[in-house]
Every structure is written in C-alpha cells, then in structure tokens.
Amino acid sequence: MPEPIEVTFLGTGSAVPTPKRHHPSILLRFGSENILFDCGEGTQTQLEKVKMSPMKITRIFITHWHADHFAGLLPLIETLHLSRRTIPLEIYGPDASRFVDALMELSYWGIGFKIIAKDCKAGQKIFENDMFEITTVKVNHSVPAVGYCFKEKDHWHINARKAEKLGLEGKELREIQEKGKLKGIKLKDIAKMTPGRKIVYSGDTTISKELFKVATNADLLIHDGTFIETEMSRSHSAAKMVAKLAKQHHVKKLILTHLSRRYITNDEILKIVKPIYKNTIVAHDLMKVKL
C-alpha cells in the first residue's frame with residue numbers, strides 16, 4: 001500500500017472570514033513533509049486544532065498575495081522565531097521575494113532562522129525530491145497568481161521471481177530502477193508500475209483551460225468555488241462550471257473551497273453542483289481527506 005497523503009482544509013472561506021470559515025489555508029501531509037498551500041489569517045489556531053505543530057511545517061506555497069491568502073504568515077513566522085526554529089523555511093509564490101522581504105522589515109530584531117523566498121511563475125517545476133514534485137499552473141486572477149500541482153512519483157514494484165529468473169539481484173535491482181534498462185532487460189519486464197497520485201490546487205481564478213488540462217485524471221482537484229453562478233465583476237470561478245469541467249476532465253474527486261460568506265450552509269451549494277458532477281465535495285474548515 002502506498003503511503004497515505006492527508007489533506008486538511010484549515011480555512012475554506014474567501015476574502016471576508018466568518019466564525020465558521022477561516023481564510024484559505026490547506027495542509028498537505030505526506031511522509032516527513034508538512035506543506036502549507038496558502039496561509040491566511042487564523043492558520044496558526046487551525047493548526048492547533050488539528051494538533052499540528054507549526055515547527056513541523058516544511059515549506060509554504062502561496063498562490064498569490066491577496067491578504068486572505070498570506071496574512072497568516074507574519075504571526076506564523078513570529079511563532080517559529082519564539083519557538084527557536086533553526087531549520088530554514090522555504091516560501092514559494094509569484095513575487096515571493098518582494099513580499100517576504102516586506103514582512104521581514106516589520107521586525108525590530110529579525111528572526112533566528114533563515115527564510116528562503118522562491119519566486120515562481122506558471123509552468124515551472126519548482127520543487128522535487130525522491131517522492132514527489134510540485135509544478136506551477138497558469139490561472140487567471142486580478143493579480144499575479146499561480147495554481148499548484150502536487151505529483152507523486154510513479155512506483156515500480158519489482159517481481160523478485162522474474163528478476164531472479166533473468167539473473168538480476170542485489171544492487172542490479174536498484175540500478176535497473178534508476179536506468180530503466182540493464183543487461184538488455186527492461187524494467188517493465190520484471191516490474192509493474194503504479195502511477196503516482198496527483199493533486200491540483202487552483203487558488204483564486206476564473207476558469208483556466210491550462211489548469212484543467214493539468215488536472216485531467218487528477219486524484220483530487222481543489223478549486224475556487226467562491227460563487228455558484230458566474231459573477232462577471234469578480235476574478236473567481238462559478239462552482240457550476242467547475243463541476244462540469246471536472247467531470248469532462250475525469251477528475252476523480254473535486255473539492256470546492258474559497259466559499260463566499262453569502263452561503264450559510266454547504267447544502268445550498270451541493271444541491272446545485274452534485275447533479276452536475278456527483279464526485280463533488282464542498283469543503284468545510286478542518287475537513288480531512290486521505291488519498
């Protein structure tokens with residue numbers, strides 16, 4: 001069984017928070033990684049509720065620099081400083097260095113750990129390790145913004161009997177996984193590949209063809225669902241259209257978030273979008289999803 005990926009919705013509201021919906025923030029836990037996508041006001045208290053120490057956050061990805069998506073950074077950084085963090089913290093986003101520098105100038109004495117701002121634009125692979133990679137995706141908003149695609153690496157499961165039969169053992173098994181071929185034997189001849197899981201997060205956006213292209217066959221699409229119907233004067237998506245496109249692009253599970261305060265309950269959104277695409281969920285604060 002693959003290691004679980006756990007996604008927790010710390011905040012699911014939009015520009016104006018409510019007692020039931022905090023500003024946007026999503027925690028993704030996978031192996032030793034605890035990643036924040038956006039860090040709105042109240043993120044720290046939400047982390048406390050799910051028993052996640054801020055000290056364990058490994059890196060942060062900001063979709064854009066509207067206050068509801070980053071206002072939690074300043075108090076979070078201060079908490080890490082007071083807790084004597086020493087491990088560097090990477091913060092990614094369009095114009096990240098500009099905004100991180102501005103936040104740092106608000107401190108009298110600085111902080112006791114290094115913050116590394118990583119500027120990024122759409123269409124870049126911005127992080128990679130042995131387990132997964134993260135790329136940026138083009139979205140359409142009123143300020144520079146990106147979406148993010150988290151893609152687990154494909155798994156190869158070697159059939160030991162087949163490998164032994166073909167004379168491969170020990171270090172050679174690792175070598176054939178790295179090279180894909182060894183001694184005239186292809187990896188696929190002795191192993192089965194399981195595709196890695198894919199999670200796409202839109203941040204704030206109107207409908208983006210590029211984002212849905214990336215989200216095709218995604219295990220999970222987390223998308224701006226601020227309004228049920230299109231609001232022509234707003235740089236946000238209509239939940240009805242998102243559900244339709246998610247179905248067309250074979251998204252396995254759609255979760256709508258960044259919800260307007262005009263909607264008091266999730267049911268009033270669900271009754272509209274569920275008939276369009278049954279694999280749709282409307283997020284609520286502290287909701288957890290495991291893949």
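1. In this predicted model, R85 lies over the face of F113, at a distance of 5.8 Å from the centre of the ring.

2. Turning to the aromatic side chains, the count comes to 13 aromatic pairs. One of the pairs is that of Y108 and W109, whose ring centres are 5.6 Å apart and whose planes make an angle of 45°, so the pair is classed as tilted; planes under 30 degrees apart would count as stacked and those over 60 as edge-to-face. Y108 is exposed, with a relative accessible area of 78%, and W109 is exposed as well, with a value of 80%.

3. A further aromatic feature is a cluster, which is formed by F37, F61, Y92, Y148 and Y201.

4. As for the strands, seven of them make up an open sheet with mixed pairing, in the order β7-β8-β9-β14-β15-β16-β17. Its edges are β7, covering residues 125-128, and β17, covering residues 280-282, each of which pairs on one side only. From one strand to the next, the twist averages 20°.

5. Within β8, T135 is the bridge partner of K125.

6. Helix α9, spanning residues 239-248, packs on the sheet and touches β15 (220-224), β16 (254-257) and β17.

Technical notes. Residues are numbered from 1 along each chain as its sequence is written. This is a predicted model: local features need pLDDT of at least 70, side-chain atom pairs count only at pLDDT 80 or more; totals for chains, interfaces and linings use all residues. Side-chain values use heavy atoms; hydrogens and water are left out. Rings of Phe, Tyr and Trp (its six-membered ring) pair if their centres lie within 6.5 Å; planes under 30 degrees apart count as stacked, over 60 as edge-to-face and the rest as tilted. Buried means under 20% relative accessible area, exposed over 50%, partly exposed in between (1.4 Å probe, protein chains only). A charge sits over a ring if NZ of Lys or CZ of Arg is within 6 Å of the ring centre and within 35 degrees of the ring normal. Two strands pair if DSSP finds at least two bridges between them. Helices (H or I, at least four residues) and strands (E, at least two) are DSSP runs, numbered from the N terminus. Axes are lines fitted to C-alpha atoms, for helices over the stretch in contact, and angles run from 0 to 180 degrees between N-to-C directions. Contact means heavy atoms within 4.5 Å.
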